[in-house]
Structure formats: C-alpha cells, structure tokens
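The following questions and answers are intended for a reader meeting this structure for the first time. Please view the sequence and the model before reading on.

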Amino acid sequence: MIGFPVDELLSEEECYRYLKRSLHPEGLFCPNGHELPDDQAPHDRRRTPIVDYRCRECGAVFNIFTGTVWSKTHYDPSTIVMLLRGFAKGVPTKQLTDEMDLAYPSVLKRRHRIQEAVQQGQRVGLPGEAPKDGLPDPEVEADEMYQNAGEKRKPHRNLDDPPRQRANKARGRGTYENDRPPVLGMVGRETGWACFRVCVDTKEETIRRTVAGETAEEACIFTDENRSYLWLESEKESRSRRAVDHSRGWAEDRDEDGIREIHVNTIEGIWTSLRNRLRRFRGVHKDHLSGYVAMFELAFNHDQITPALLQRMCGM
Ligand SMILES: [Zn+2]
C-alpha cells in the first residue's frame, strides 16, 4: 500500500498547543492539584515544545502529558496527534507504524492502553452517548454479533481442514471461551445512540444483566427470536419485548394493520460497519476485543473529536 506520510509537515508547536488546550482547557495543574501560574517559566526546555514545569508549591515536576497514557512518552506532539487520529478513525496499527516509521509493538501497546481508557470512560454521559443510567430511549433495538477473536495468526496445521471450513463449523452460539465472543449491541431509536458490550456468552442471565444495565426501565426492546430475551416477556419485568421471527422475514405485521413495524434493521447495518472495521486489523485477540469495540462505539456516537473525547482517550 502506498505511503503518504504527512506528520512531518505538521508544526510541532501547533500540535503541542492543540494537545495542551484539549487536555487542559482549565489550565495546567501539578499532580498534587496546584495551579500553574500563567507567567511561570518552564523548568526544562530540552524537549521543546514539550516543556517540564516545577511546581512552586510542592516541587513536583510535570508536563502536559503527566497523568495521561502519554506520560514519559518520547514521541513528538505531531506523532501523538497522528496516532490519536488514527486510533479514533480505526486505522490499522501496521499502517500507522509503517507510514510514520515507528516501532509496531510499542504503538500497539499504546493503542491497547488508549482503548482500555476509552472503555473505562464509557457512560460518563457526554452529549451524544448514553448517560450513566443507560439509553433513555423508549424503544431500543438489541442484537448480538459473534466475532472470531482467537489467538492472532495461529498457523493452520491441518491441510485437510482449511481455515474456511473450520470457521464454518464454528457457527452458532459463540462464547468468549470458544474464541467467538458475542458483542451485544443496543441502539436507541430516538437518540440514535448506541452501546456495545463484549460478553462472555449469550446466556439469559448475561443478556439480562447487560440489557438491564444499558436501557431505561420502561423501554420496549426489539430483538430477534433468541430465547435469551424471553425474560423480557415476564410479568415481573418492567421492560417489554417485541421479537422478529427471521424465518418469516425481517419484519412482521403482528397487529395486522399492514405495517410491518418490528425490525432490527438499524443494528444489523451497524454490525456491517463494526465487522468492516475489525477486519482491517486482521484479527483482534479476544482480550483486546472490548477495547476495539469501545473505540468503535466512541466513533459511532460522535461526529467530531472534542477535547472531552481526547481526554477520555488519554485516560484522564
Ligand atoms: Zn504542586
């Protein structure tokens, strides 16, 4: 694939200022919370424009990356901006490291830390995503997707059993254990906000816990015919359920008014996007899948990168 590196065209000063104002919109503070006066001169300028300050109150030495996933980084500001951009947009790590001439293992490790930070920061309730108590929508589509996520680049030893056939054999209910972890997705029909959770399996208890945690108590949940959603039909459950029977078509007209209102088409389309994104990574280990899925969720729910999103990516 042709390279077209642009990071060297970026101004390091401009990238530094962008990161500084994005990560610290309220100004800089030392690790102990003392505010840095505007006029205070840097303590160490050897890595300009990344400079270190020494707190006059407590003596702590810090810079704009202290307390973030980039603390003690040796990357230039332009490299950090390009990496953050690439991670957010789902650019494969190999492509980024080839283009910017960086070491693959350390960038991959950084990516995983950032994706874990994004996952931990889910549901803080930024505009464009579900608040702490879950999707507010009265109608939510829920569905599962199974992602092959085993050991990366495992050699295919048996020539009589080529990969494609073996993959087909693994059809059906995937679990974390058998390297096909299910991703449970929920999309609010009103807000359009989505959340995705990697689950260990699709047993009723797992589905119940996840759906209950991510949707409003009175929500109507639109699902396929999977029996793991039967609990929604219990009288004790405040949520309700409408199920589509895939064998009878994508939508059905249950109340016979000519409108086939039950469908899970929105989320089916989203699975195509998620599959396309994950395919570019040529195999994601199951232990890191939730991080990649969390980053997909962030990218899905937001049209534009914002300081708050950058702070989340940087683990602040
Ligand atoms: Zn201090």
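**The metal site and charged side chains**

The zinc ion has as its protein donors Cys30 (SG), His34 (ND1), Cys55 (SG) and Cys58 (SG), at 2.1 to 2.3 Å from it. The model is a predicted one.

Q: What is the geometry of the site of the zinc ion?
A: The site has 4 donor atoms, and the angles among them are 105 to 117°. Four donors count as tetrahedral if all angles lie between 85 and 135 degrees. The site of the zinc ion is therefore tetrahedral.

Q: How are the donor residues of the zinc ion spaced in sequence?
A: The donors are Cys30, His34, Cys55 and Cys58. Written as a pattern, the spacing of these donor residues is C-x3-H-x20-C-x2-C.

Q: Is cysteine 55 buried or exposed?
A: Cysteine 58, another donor of the zinc ion, is partly exposed at 35% relative accessibility. Cysteine 55 has a relative accessible area of 7%. Buried means under 20%, so cysteine 55 is buried.

Q: Which parts does the pair of glutamate 297 and arginine 197 tie together?
A: Glutamate 297 and arginine 197 form a salt bridge, with their closest N and O atoms 2.9 Å apart. Both residues are buried. Because glutamate 297 and arginine 197 lie in parts 100 residues apart in sequence, the pair ties together helix 8 (residues 286-301) and strand 5 (residues 194-198).

Q: Is lysine 203, which meets aspartate 201 in a salt bridge, buried or exposed?
A: The salt bridge between aspartate 201 and lysine 203 has an N to O distance of 4.0 Å. Aspartate 201 counts as buried, at 13% relative accessibility. Lysine 203 has a relative accessible area of 57%, so lysine 203 is exposed.

Q: In which helix do arginine 208 and glutamate 205 both lie?
A: Arginine 208 and glutamate 205 form a salt bridge, their closest N and O atoms being 3.5 Å apart. The two residues are 3 residues apart, about one turn of the helix. Both lie in helix 6 (residues 204-214).

Q: Which side chain of opposite charge is nearest to aspartate 224?
A: Aspartate 224 is located in the loop between strand 6 (220-223) and strand 7 (240-243). The side chain of aspartate 224 reaches the backbone nitrogen of asparagine 226 at 3.0 Å. Aspartate 224 is buried yet has no salt bridge. At 5.2 Å, the nearest side chain of opposite charge is that of arginine 241.

How values were computed. Residues numbered from 1 in each chain as written. Predicted model: local features only at pLDDT ≥ 70, side-chain atom pairs only at ≥ 80, totals over all residues. Heavy atoms only, no water. Helix = DSSP H or I, 4+ residues; strand = E, 2+ residues; numbered from the N terminus. Buried < 20%, exposed > 50% of the residue type's maximum accessible area, 1.4 Å probe, protein only. Lys, Arg positive; Asp, Glu negative; His and termini not counted. Polar contact = N/O pair within 3.5 Å; in protein donor to acceptor, adjacent residues only side chain to side chain. Donors = N, O, S within 2.8 Å, 3.2 Å for Na, K, Ca; no water. Tetrahedral: all angles 85-135°; square planar, octahedral: opposite > 155°, others 65-115°.
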